[in-house]
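Have the model open as you read.

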Amino acid sequence: MASKAVYSQRDPMLKKRDDFEDILEERRNSSDLRYALRCYAPVVYKGLCPSKAGTLKSMVLQSDQLHYVIHQVCRETGRAVDDVQEEASSILEEMAHRLQLSTVRFFAFTLSKVFKTLFRSICVNEEGIQRLQQVIQEHPVVLLPSHRSYMDFLLMSYLLYTYDLALPVIAAGMDFMGMKFVGEMLRMSGAFFIRRSFGGDKLYWAVFSEYVKTMLKNGFAPVEFFLEGTRSRTSKSLTPKLGLLNIVMDPFFKGEVFDVSLVPVSISYERILEESLYARELLGVPKPKESTSGLIKARKVLSEDYGSIHVYFGQPVSVRSLAEGRVNRCQFNLIPRHIPKKPSEDIHSFVNDSAYRLVRAQEENMVLKPWVLLASLLLQNQVSGQKRGIALDELTEQAVWLRDLSRQYGAFLHWPEHTPPSEVVSSSLSLHRGLVRISEGRVQLALGQSYAVTPEEELLSQAVIILSCASYRNQALHVFLRPALLASAIHTASSNKKQEVFNSFSFLRNMFSNEFILCPGTYCMLFTSHWCCVSTGALQVTQQEVLVTERGHRTLVFLTSMLDPFLQGYQVVCRFLCEEATEALTEKQFIPAVRKFIIKHLLAGRLRYTEVLSSDLQKNSLAALLRLGAVRKIKGYQGTLKVNTVMVNSLEDTLGGKLPTQKAVIARL
Amino acid sequence: MASNSSGGSSDRQRIAQQRLRIIAGHLQRPVDGDSAILAAECKAQGSKPDTSREEKTVPRRRQEIMKWNGWGYSDSRFLFNKKGQAEFTGKRYRLSGMIIPGLKDWFECTFGASLQHKTPATPLLNSSAVQPPTLNEAFVEELKSTGIPFSQDAEDRVFRAHGHCLHEIFALREGKFGRVPDMVVWPNCHNDVVKIVELASKHNVCLIPYGGGTSVSSALECPPEETRSIVSLDTSQMNRILWVDEKNLTAHVEAGIVGQDLERLLNESGYCTGHEPDSMEFSSLGGWVATRASGMKKNIYGNIEDLVVHIKMVTPQGVIEKSCQGPRMSTGPDIHHFIMGSEGTLGVVTEVTMKIRPMPEYQKYGSVVFPNFEQGVACLREVARQRCAPASIRLMDNEQFKFGHALKPQVSSIFTSFLDGLKKFYITKFKGFDPNRLCVATLLFEGDREKVLQHEKQVYDIAAKFGGLAAGEDNGQRGYMLTFVIAYLRDLGMDYYVIGESFETSVPWDRVLDICRNVKARIVRECKERGVQFPPLSTCRVTQTYDAGACVYFYFAFNYRGLSDPVHVYEQVEHAAREEILANGGSLSHHHGVGKLRKEWMRETVSNVGMGMLKSVKDYVDPNNIFGNRNLL
């Protein structure tokens, strides 16, 4: 039985999902102090070489890899070996964690108190925990949680402590360390700190990668990091960063370990603590000033209800199985393994694909709350211009319809089965009462209650609400994304011809690949989305054509509306670049300039979607245009952008469905 | 080449013929009348008179002394006696006639096997199950006229249709025969071979050279797609030492001689070659050359490529050899390197001049126990760095150490068992070695007494730096004995649902630990995934040290109860293990060769151009693929 879990890794992304247990329940019924002080004896990796944090450091400093790089740096810069060695040692000092059980116990105690006040429940799939316990013994483990809140990493350590599992060491951004006391506390609870960017610094890279690899290879502790690199402010998964994933896979490629287990962990919050903070950040609105009122508000955070958290420990993914038939490990045979080498093309694409698959695995195990569906419906309703909102029972009806649709698309929806839908809806609404308003039996977003002076300020305060709502809708985006791309493709394609739809689909897919997690490799995507829509009866696919069925109309409208804000956002960015981009526009100035442009258009009523104000969308569209070559960065001029007006124009028109997806465009993509 | 020599006195010929007939009378049952034995004159007669046949180990009819469906001599085998104790029969080995009390428990615990569940082999070779020979009549006719002995007997043919791969032996035990050679010829000397090769070329017959038959690379398997008549060319009767040159310390030997005869005969005059592959009881000099063999004591004497001074090989294009016996030449690529490792695809090696050494004055075994395998490897690496490796140094992992322990014969005195207990107590309790992690290195020193003792101290001093403790001569000697009996043990396993095999590789030093761990883990994992019901035995040892790396041997065996096609599972696992070896920077083979078993990896091993080079040599030397065993390429 036990071994079965390990050997069933051949199908890494298993669809079947486990049940949850609430861990707070026990906390509410027994002593937190005893819990914090209880005996902690986790199972460990079978190949563990027991070592203290101190010996770990000396192992790193004495490693062949670091020696090599130190000498290389000396040769290149003419510095003395001692000097460089000193630097390496201080980099390591700055980076290294000092995991201490006492600090963890302290956190276990305080967090118990905090969690109990903030959350109704913290639900964990215990089967996932058991699987994790198994693999921890077998192979070095890498934990890959999703990242939506500062809370994530404390929560992870808290859970592992609760289940008597090995405490992870966590890659954290240097900005945490800025907080004097907190930084040290985190360090003692297992965080190690890395600079946000160290582009060309060979020595830093060497110390860093060797440090991580040493911990991993020796089974010192599970290594934890966030694939997405940073917290997602939009609740959409971010394009994965490959650096650390590359580092943890490297020991496998080079045969230094038999296998590495990657465990995607999905943490879903019913209400995100940083909700409005994120929205403000995306809008470029400064945070509310730190003041007495701020303090009172902060206290308010503690008194509010943040619903529940669901943590799903996914199926462990064996790097060995992933790499089978994809990576030729012989490529490392001809150069000593301690000499750093840029990953080859096939390694790079393998790591990239794996990263996407893992993020997809995170997405698929994210628990969706009914509110997520409500937020999607309310946003669509708001845009359609219903000033008075939507009647509660109509919303309930739509929600039930959407519930069924989302389930057909495989969503991991937590909808209370034995509660009448109307109750489910109203309790969801009440949890998010800061975002919605119910009056006279009608529901609408809580816009327009601010005491803003200028129309611009009013717009921005509305945008805060809308972006907050959008972030909840985005939680469900991954469920609808693929069918929605197809729906939009049908919508924008000039005819129902299969080929046209396909062209249009590929165009959209390519256009949005910076925006959403779309795994590299097209073919299966189209097939699946076809399949999804066909199976729900929304589409009828004949030999030549793709037709929308009577029944499917509603679905298609919903799906296209899901994607619409993004389509419009990209179009408006294109328009901005064509109309207003000056010769001297730099990358830095881009966001403020495009924001100004969008505000102007929104105020003039020429744009429907307030959410296109999101800087995330603007950045992503620029990245897409850069990738497609419609905009180029000129080197050496602080990132001046050079716009290919003709191309940008034609992309805009294609997005708007005004221009058929040309073969030429496709070819260039 | 030797086309002159003695001018053919019919007298001598007659006497020789008569003598041969008498000997044949001792050794063989009567053969079909038409394949009568004719002693053609052998031109390459040495200075020494032909030693009488009885002294040689390998008769023409191998079935007289050897098993047809297992390893080695018919009289030597392991079995569980009525009391359930393991014993080794016969008189040939140190272990012969002894009871091995620990083996049963080890066997049952390691494999989950039981003495109740037997899988006995087919007892007798059923000749009627063997395909009738496809004969090339013209070839047979002309061959008859040369007087070279040959046979179409089913037993003779079956014996030469296989090596000792698991699947080959497994099939034999089940009484299954695939394509077998259509006839067997026994050349008596170089010129006989020249004649046979000429005839084969003339009549387009496929020749497969056969030496000791110990191949573990499917090299002797007849290609099933071969439609021509296949003739097995058995060199076993070309087994004379033709001359010994004491001034240059070389010996000129016919290539069919087996290792034990070569050593014994040289020993009689105070010399040795020092080439001792584990299979030396049965493997032949020609086979060593054709596969690039390696001997246990290569640290002193070198591998086959270091030992060979001159080679004579008969190919379809004629005879290839160098014109002198200079110790080294700069004359373009060394043509010996086309021959060594050619695995019978280019021709037959007939005569070899080899270096010889005076026999060592003193030999001493030894052993060192290390707390773990990592320390052991570090020690071997240091020994190699200091270039002070003894004649042989081998490091067994923990599983193999336990295996070796299980093979301890019953001790006669209470005192020895008491001493053993004390030793065990000292190592595990006093020194704190974990009995499930410790491993042992076995050592063999050779040379003059004083130097050996000095050398021994040096090695033990190094070992001490890595936590090693000297563990006595006896453990060392038993370790080496194990290599000679392990193949017999496999037959025992096969009587009780256990199948297994060993395979080897060479790998740079920095990869040794990684490759050992990963390959062993891969084997365990693959077995599980393929439905093997019991955990397999997956173990390794480092058997040779070089300046830049080491040779690693893996042993792998499992209990196949519950599997419908155990051999297929076995092959899949071995295949996966080889892939793992290659992915971890190991070589395709250190000394077993490629044969047909590992052919699929040749291209990636030697590159496209390398393949082309080898192919073009084959195309020139043997355009009609007379040597059609299809090994290597």
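Leaving aside residues up to four places away in sequence, K118(B) touches D495(B), Y496(B) and Y497(B) (contact means heavy atoms within 4.5 Å). This is a predicted model, where local features need pLDDT of at least 70, side-chain atom pairs count only at pLDDT 80 or more, and totals for chains, interfaces and linings use all residues. Residues are numbered from 1 along each chain as its sequence is written, chains are lettered from A in the order in which they are written, and side-chain values use heavy atoms, with hydrogens and water left out.

K118(B) is partly exposed, at a relative accessible area of 46% (the class between buried, under 20%, and exposed, over 50%, with a 1.4 Å probe and protein chains only). Its C-alpha atom is separated from that of N204(B), 86 residues apart along the chain, by 46 Å.

| Domain of chain B | Residues |
|---|---|
| domain 1 | 62–111 |
| domain 2 | 127–236 |
| domain 3 | 241–358 |
| domain 4 | 497–592 |

The centres of domain 2 of chain B and domain 3 of chain B, taken over C-alpha atoms, are 24 Å apart. Domain 2 of chain B brings 14 residues to the contact and domain 3 of chain B brings 16 residues. About 1100 Å² is buried between these two domains, 68% of it from carbon and sulfur atoms (buried area is the accessible area, 1.4 Å probe, that two parts lose on being put together, summed over both).

Terms used
Domain bounds come from an automatic or database domain assignment.
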